[in-house]
Amino acid sequence: MRLESPERRRRTAIVRLRRSSQAASYSSATCLFSGEMLRVCFWEISPSFVLHRLRTATLFFVVFVFSYLVFDRAFDSGRIRFPEYFVPSTRIFPTSLIDSLPDSADTNLETVLKDASMQDHTVILTTLNEAWADPENSILDLFLESFRVGYQTSRLLNHLVIIALDQKAFMSCKRVHTHCFALITEGADLSHEAYFMTPDYLKMMWLRIDFLRSVLEMGYNFLFTDADVMWFRDPFPHFYPNADFQIACDHYSGNSTDVESNHPNGGFSFVRSNVRSIEFYKYWYSSREMYPGLHDQDVLNNIKFDSFLIDIDLQLRFLSTAYFGGFCEPSKDLNKVCTMHANCCVGLGNKVHDLRIMLQDWKNFMALPPSMKISQSLTWSPPNNCILALRRHFGLSGNETRVDTLISNKANILHFVQLWDAPGIVMFHGQFITFVAEMGTCYKLN
């Protein structure tokens, strides 16, 4: 083995000493650095720092709450308009409404709507009271049956919410349907049959308008349907994609944008939730004060000409009776019909009688082979009970037709729509009148 010289051993020792000193210095610096960080950390969480952070958070929270309240009030007063893709969830009900419900009731409207909603936040809504839910004379049974016997309509029941106006109607709904909500009005009993234009009828119609406005404010599109509308086909493919508010008609002129000649019926409408539709429903509801004693449909016929609808850029469309017909103006082609409404009829019993016949007409049609459905010109059975009831309602008996003279202009006869085969009864600008063929003379019904 080779021995190291004394000089080599001395240089090796010096190198080792220097490395040892550098390591010691690094270790000391590390200890000093770690200690400094610990002192900084301890200083950061000192009591004064905590109080400072707490004051900052509290100030931020107060400013946020104050800003929210001012912002919310400004929106409610109409001073702020949101873009249509942002619809705030304001109060669900006006203060005049309460939900006095049994313990088992679904008391949260948001929950009920969410459970029934389609993917695009659309729900189907109808209203129901005790009289219309009565098992002995039930419009509700016929309404639900139409979904089941209609063409590809049974699945839509999953998206139907029945709004019960009294507790008995709510319990009747819960026995036969999944999505039910009880809307009880303070100081009003809407459980009985509300005859046309009576105070209870008017109260029920305006309650409906205000409730639907609340649904829009919650961000839900809705298809509202009266319970005396029979569903035979899926109506959604026949709605206009860019319309905010579209509504069925007692009489359809042939032009979906014709404000003058189309006569809307509030018993069937499809509305998209946005700022324009919300503002429209607020205006519609407030307009009841300008037209006291009129129901929502007549008020709509008056305000559809107002400049306010132009100012808010409401896209309004009327639905063709070829797809959305009724007793006033039936859908003539059973291969196209989506819904049929028991309008132009008074009396619950009369509606039930003639709707049962209509349902049977549809079942007979569906039982035919496809070739016969297309080749045969099938029609609905006339609603005889409703026609007779309508004549009695307007004070007509037998062949009586002459009442107060309304108009004798032959040109206006073009606007008439014959009500089935009822002798002497036609519609003119939304009003029922008698018609005498000679000289085109028309007489108003009392």
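User: What share of the accessible surface of the protein chain belongs to carbon and sulfur atoms?

Analyst: The protein chain has an accessible surface of about 23,900 Å², computed with the Shrake-Rupley method and a 1.4 Å probe, where for residues only the protein chains shown count as cover. Keep in mind that this is a predicted model: local features need pLDDT of at least 70, side-chain atom pairs count only at pLDDT 80 or more, and totals for chains, interfaces and linings use all residues. Residues are numbered from 1 along each chain as its sequence is written, and side-chain values use heavy atoms, with hydrogens and water left out. The share belonging to carbon and sulfur atoms is 56%.

User: And what percentage of the residues is buried?

Analyst: Buried here means under 20% relative accessible area, with exposed over 50% and partly exposed in between (1.4 Å probe, protein chains only). The chain has 446 residues, and the buried percentage is 47%.

User: How many helices and strands does the chain have?

Analyst: Both are DSSP runs numbered from the N terminus: helices are H or I with at least four residues, strands are E with at least two. On that basis the chain comes to 13 helices and 17 strands.

User: Of the contacts between residues at least 6 apart in sequence, what percentage joins residues at least 24 apart?

Analyst: A contact means heavy atoms within 4.5 Å. Among the contacts at least 6 apart in sequence, the share joining residues at least 24 apart is 69%.

User: In the open sheet of three strands, which strands stand at the edges?

Analyst: The order is β7-β12-β11, with mixed pairing; two strands pair if DSSP finds at least two bridges between them. Each edge strand has a single partner, so one side of it is left without a neighbour in the sheet. Those edge strands are β7 (229-231) and β11 (324-326).

User: What is the bridge partner of Met230 in β12?

Analyst: β7 pairs with β12 (residues 339-341) in the antiparallel sense, over three bridges. In β12, the partner of Met230 is Met340.

User: Which handedness does the link of Cys173 and Cys180 have?

Analyst: A disulfide is a pair of cysteine sulfur atoms within 2.5 Å, and a search of the whole structure finds three of them. In this one the sulfur atoms sit 1.9 Å apart. Cys173 is buried at a relative accessible area of 0%, and Cys180 is buried at 0% too. With -85 degrees about the S-S bond, the link is left-handed.

User: Where does Cys344, the disulfide partner of Cys328, lie?

Analyst: The sulfur atoms of Cys328 and Cys344 are 1.6 Å apart, and 100 degrees about the S-S bond makes the link right-handed. The pair links distant parts of the chain, 16 residues apart, with Cys328 in the loop between β11 and β12. Cys344 lies in the loop between β12 and α11 (348-366).

User: How many residues apart in sequence are the parts that Cys345 and Cys386 tie together?

Analyst: Their sulfur atoms are 2.0 Å apart, and the link is left-handed with -70 degrees about the S-S bond. Cys345 lies in the loop between β12 and α11 and Cys386 in helix α13 (residues 384-393), so the parts tied together are 41 residues apart.

User: Numbering the bonded cysteines in sequence order, what is the pairing?

Analyst: Cys345 counts as buried at 11% relative accessibility, and Cys386 is buried at 1%. Numbered in sequence order along the protein chain, the bonded cysteines pair as 1-2, 3-4, 5-6.
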